[in-house]
Amino acid sequence: RRRREGGYLSVFLCAKMSKLNAEILKTAIAEVIKGAQEKKRGFVETVELQIGLKDYDTQRDKRFAGTVRLPHLPRPRMNICVLGDAAHCEEAQKAGIDSLDVEALKKFNKNKKLVKKLASKYDAFLASQPLIPQIPRLLGPGLNKAGKFPTVLTHNEKLVDKVNEIKCSIKFQLKKVLCMGVAVANCDMDAEQIRQNTVLSINFLVSLLKKNWNNVKSLVIKSTMGKPQRIYG
């Protein structure tokens, strides 16, 4: 797996934007924002990047996975739970972040339904380093199957900073189909913030692909309730 952080507009990433038309992207973002403003919802709409791939054999070609940290928080209301030791649970409580200690995890007793319910309640999990090896024994494979196995949390890191890092990070992972969707922004952002997040996301994805842009069939952005806006393909 590959992970790149910082240097959001690095030469490496910008070099791959050549096939993305800046004017088309600018117009698409304007339409997404306009649609969200014209019909206000009772929540902040997420802006999703929808990707269609081509010339990829999911059975034979190596499936990629990569995480990149975006400069602007795409999902501020992202739900995160800490599976922590006493110190981390106390820190989480002070920060208003949900947490479960070892005793609470033991009560799940590998119950598939309970673990599935836990996985669906949260978008991501953090776990104290000593607890990581215990999670499969306490919860079974449920979190891993849901693609939500916890990120390691050490005592050298500030919990709030780690939570914000996860909220700013997006993951691309090829599974059995050649299409995927990732939340890259939200409609409370201005056009430039949406553009920066979108461009960085696309260029990072392209860097993961075997044939780079030659594997990209289509790119679309859309808000949660809005119309899709094609930006490539």
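Below are some questions about why parts of this model are called what they are called.

This is a predicted model, where local features need pLDDT of at least 70 and side-chain atom pairs count only at pLDDT 80 or more, while totals for chains, interfaces and linings use all residues. Residues are numbered from 1 along each chain as its sequence is written, and side-chain values use heavy atoms, with hydrogens and water left out.

Q: Why is serine 201 called buried?
A: Buried means under 20% relative accessible area, exposed over 50%, and partly exposed in between (1.4 Å probe, protein chains only). Serine 201 comes in at 0%, so it's buried. This serine is found in helix α9, and it touches Leu49, Leu70, Ile170, Phe172 and Val184, leaving aside residues up to four places away in sequence. Contact here means heavy atoms within 4.5 Å.

Q: How do you know that the length of helix α9 agrees with what it should span?
A: Helices (H or I, at least four residues) and strands (E, at least two) are DSSP runs, numbered from the N terminus. The expected span is 1.5 Å times one less than the number of residues. For the 18 residues of α9 (residues 191-208) that gives 26 Å, and the end C-alpha atoms are 26 Å apart, so the two agree.

Q: What makes α9 "largely enclosed"?
A: Of its 18 residues, 14 are buried, so the rest of the structure largely encloses it.

Q: What caps the N-terminal end of α9?
A: Aspartate 190 does: one of its side-chain oxygens lies 3.2 Å from the backbone nitrogen of glutamate 192. A polar contact is a pair of N or O atoms within 3.5 Å; within protein, one must be able to donate a hydrogen and the other to accept it, and residues adjacent in sequence count only if both atoms are side-chain atoms.

Q: What makes a set of residues a nonpolar core?
A: They have to be buried Ala, Val, Leu, Ile, Met, Phe, Trp, Tyr or Cys, joined through side-chain atoms within 4.5 Å. The largest one has 39 residues, and Leu20, Leu49, Phe64, Phe172, Leu219 and Ile231 have the most contacts inside it. Helix α9 gives the most, with 8 residues. A second, separate core of 18 residues includes Val102, Tyr122, Ala127 and Ile132.

Q: Why does tyrosine 122 count as buried?
A: Its relative accessibility is 5%, so it counts as buried. Tyrosine 122 lies in the loop between α5 (112-121) and β6, and a polar contact of 2.8 Å joins its side chain to that of aspartate 98.

Q: How do you know that β3 and β8 pair?
A: Two strands pair if DSSP finds at least two bridges between them. β3 and β8 (residues 169-173) have 5, in the antiparallel sense. Within this pairing, alanine 65 has glutamine 173 as its bridge partner.

Q: Which strands pair with β4 in the parallel sense?
A: β6 (residues 124-128) does, over 4 bridges, and β5 (residues 98-100) runs parallel to β4 with 3 bridges. Leucine 83 stands opposite leucine 100 in β5.
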